[in-house]
Amino acid sequence: MSAAAPSFSTVSSQFIQDWLVGLRAICAEDDYRSLLERSGLPVEAGPAQGRVTLDQIVRLYQLAAVETGDEMMGLWSRPIRARALQHLLTTLRESTSLASALYRFSTFWNLLLDDYQFDLSEEAETYALRLIPQTDAPAQRFGHMLILKLAHGILSWLARQEVPLAGVAFAFEPPSFEEDYAVIFPAPIRFSAPATTIRVPTKALGPVQIRSSDDLDRFLENAPRDWIFTRSQEHTQSLRVRAYLTEVPWEAAHLGAAANALHMTPRTLIRRLEADGTSFQAIKDGLRRDIAIRRLQLEEASIEAIAQDVGFSSAASFHKAFHRWTGATPSSYRRR
């Protein structure tokens, strides 16, 4: 359990469904199925509670961005042609400050998008970057998430550290998988907002750190691995608890020990987790689920060994919990 929390992070399969709908619309059916198969994703829709790993998201992004000729893969009404991200990075790394980089980000996308335009304003000690719709079409939820995360990812790359956020808002109703957004953005998140918006504290927008051409090439080669899941453990108590649990053996993974490590009473920790909309047991189960999924995909260890390693007293109890988490048995998940 020594790896950093984000390496184990997963999101629900529903989180990427808007992406798959957009992708399917610009692909021949055989090409679409091939993209999913090569990414390790089920071709047919899996259980509603199925999980998707960072590795699968990265593989699909890297394959689809090249093979569709659209670096945003059907998420916007106009295709974003090859090398757009490279040109964006080249432009932004010449900025003198993160504030000017944010301005260049908005003007760059305003040249490419038809269905939305970015508006950047300074207000209440923050810079607010908003997506303003130009049509009445419903919001593409994955597209809104991805372009805001791209802004945050590039700012963090230019700063050489994850830039804190004051808040993120989305102009659509809270989806059933709303908790997945916490592993994407280090900020309070709200839904049903007038406009999809990301807010950055003015004091966090310092000078741009020099980035070489090699740095730029690595960012492109790894995209979106280096920026799509947040590395911050500070914005919610739940991520701090998850980070603690990744560093201790399972016998120490209990509420009292976690509260002590975070310098508070168990009652205070319970109250703060409730404010995050979760509980200690839910965080622990989520981490065990994500570690088990990763090991089933990448290792040949027996299911019994994995069950023991993620803190279950028997394979039977692990099977029952895993089916509750994903809608599949461990063995069928591994075969898939």
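Trainee: What makes E3 and E4 a pair, and in which sense do they run?

Mentor: Two strands pair if DSSP finds at least two bridges between them. E3 and E4 have 8 bridges, so they meet that definition, and their sense is antiparallel. One of the contributors is Leu120, whose bridge partner in E4 is Leu129. In general, strands of a sheet pair through backbone hydrogen bonds, either parallel or antiparallel.

Trainee: Where do these labels and numbers come from?

Mentor: Helices (H or I, at least four residues) and strands (E, at least two) are DSSP runs, numbered from the N terminus. This is a predicted model, in which local features need pLDDT of at least 70 and side-chain atom pairs count only at pLDDT 80 or more, while totals for chains, interfaces and linings use all residues. Residues are numbered from 1 along each chain as its sequence is written, and side-chain values use heavy atoms, with hydrogens and water left out.

Trainee: Which strands are called edge strands, and what makes them so?

Mentor: The open sheet has 5 strands in the order E3-E4-E7-E5-E6, with mixed pairing. Strand E3 (116-123) and strand E6 (189-190) each pair on one side only, and that makes them the edges.

Trainee: What packs on this sheet?

Mentor: H6 does, touching E3, E4, strand E5 (167-169) and E7, where contact means heavy atoms within 4.5 Å. The direction of H6 makes about 15° with that of E7; angles run from 0 to 180 degrees between N-to-C directions, with axes fitted to C-alpha atoms, for helices over the stretch in contact. Helix H5 (residues 98-112) lies across E3, E4 and strand E7 (196-201), at about 160° to E3.

Trainee: Why is Ala282 called partly exposed?

Mentor: Buried means under 20% relative accessible area and exposed over 50%, with partly exposed in between (1.4 Å probe, protein chains only). Ala282 has 40%, so it falls in the middle class. Ala282 is part of helix H11 (residues 280-298).

Trainee: What makes a set of residues a nonpolar core?

Mentor: Its members are buried Ala, Val, Leu, Ile, Met, Phe, Trp, Tyr and Cys residues joined through side-chain atoms within 4.5 Å. The largest has 78 residues, with Phe105, Trp109, Leu146 and Ile154 making the most contacts inside it. Helix H6 (residues 141-159) gives the most to this core, 12 residues.

Trainee: How do you know where confidence is lowest and highest among the elements?

Mentor: We use pLDDT, the predictor's confidence in each residue, from 0 to 100. Helix H8 (residues 237-245) has the lowest mean, 79, and strand E4 (residues 126-133) the highest, 98.
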